[in-house]
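Student: I have a model open beside its sequence, and I would like to learn how to read it with care. Could we go through it together?

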Amino acid sequence: MGESRPRLEPANTEQTAFLERAMTEYGKATYNFALRLTGNEADARDLAQEAFLRVYKAWRSFQPGTSFLSWIYRIVTNLYRDELRRRKGRYWEEIPEDNAPQEFAGQRPLAVTPIDDYVDRQLGEPLSKALAHLSPDQRQVVLLADIEEYSYQEIAEIMGCSIGTVRSRLHRARALLRRLIERTQTQQQQQQ
Amino acid sequence: MSDMHLSTDLLVDFLHGELPPEDDALAHAHLQFCAACRQEYDLQVALSDALRSAAAAEECEMPSLVKAVVWERIRNAQPSRWQRLAGWLRPAVAVPVAAVIVIGGYFASPLARPSASAPTVDAAYYFAAHAQSSATAPLSEHATAPALETSMAGAPGAPPVEELEAYAATGELDAVR
């Protein structure tokens, strides 16, 4: 995936065992995270490979007692960001970095489109299609907050940004997903 | 908070357990009686559930190719210049090299050379002392015996030098020897 591959040292037993265990125990989670992030299998494979090579190279910097998954998600996130920067033009921050609330309280109309209907109908639809409408940063935040169930603090550490930025990105991403759901719902009703 | 509806953003934070304790309690209380906010909250919960369910449904194993490629790249890795240098610093190589450097350094340093200021005794001193002791106590056991006069030349009653030389020239002396 990336052009700059990490230099590797000759294998030693402890380092090799560390990598073997990392791939055995966290390979599935890492690959699925990469798959949801990139939206396609080829990029996900490349991203997972690069991530585990980084794990191998930087294995001494992992602090025992901390979450390995958070560590490798941070590696994946950074690699993905680097890759998107490399492929110029494909990635731009789509939302302003502010913490302004997106919607204020008021006379809220009752939701006319129950989400449960959408869930029942759309679960067969690949998640990647819905997430593909989000910017990479918004997608990462949704994955980490709603699927991996990390706290805002943990997401901020993984993504290397402030908690306010995490909050802002999540609010906007979920609002976008809702609009997407409502649009899909409307289209389906019109087709019927 | 109880008179107004809760904002969507606040409900999202409430859903993720990210509100401060006081706000969390107020939001919880508000949702007990406000149907509109409750419905919006349920919508947010359903969205999160949908994301999780879909993610679980799509979850798959990491392709074995990923692992194979990682190991292959590690096997084929070329060590960097620094890593090659570090290889030279292994004890098996570093110890002999360090020994050579230390020994060479020692011999190259002033420690290995005789110092110009080191105390020395002139040999002439011994000759002078010897001559003096011989002169004062010639028969002393520690004194060297004075050189014996082996030559007859100059001795009282000896023939003149010219005669002795002439006699030696005849070869008679050699015949006696």
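Student: At what angle do helix H1 and helix H2 of chain A pack, and how far apart are their axes?

Tutor: This is a predicted model, in which local features need pLDDT of at least 70, side-chain atom pairs count only at pLDDT 80 or more, and totals for chains, interfaces and linings use all residues. Residues are numbered from 1 along each chain as its sequence is written, while chains are lettered from A and ligands numbered from 1 in the order in which they are written. Helices (H or I, at least four residues) and strands (E, at least two) are DSSP runs numbered from the N terminus; axes are lines fitted to C-alpha atoms, for helices over the stretch in contact, and angles run from 0 to 180 degrees between N-to-C directions. Here H1(A), residues 13-38, and H2(A), residues 41-57, pack at about 150° with their axes 8 Å apart.

Student: Which residues of H1(A) and H2(A) meet?

Tutor: Two residues are in contact if their C-beta atoms, placed from the backbone, lie within 7 Å. Among those of H1(A) are Leu19(A), Met23(A) and Tyr31(A), and H2(A) contributes residues including Leu47(A), Phe52(A) and Val55(A). The residues of this contact divide into 13 nonpolar, three polar and two charged, where Ala, Val, Leu, Ile, Met, Phe, Trp, Tyr, Cys and Pro count as nonpolar, Asp, Glu, Lys and Arg as charged, and the others, Gly among them, as polar.

Student: How does H1(A) pack with helix H6 of chain A?

Tutor: H1(A) and H6(A), residues 136-147, pack at about 145°, their axes being 9 Å apart. Phe33(A), Arg36(A) and Leu37(A) of H1(A) make the contact with Arg139(A), Gln140(A) and Leu143(A) of H6(A), a set of three nonpolar, one polar and two charged residues.

Student: How many helices and strands does chain B have?

Tutor: Chain B has nine helices and zero strands.
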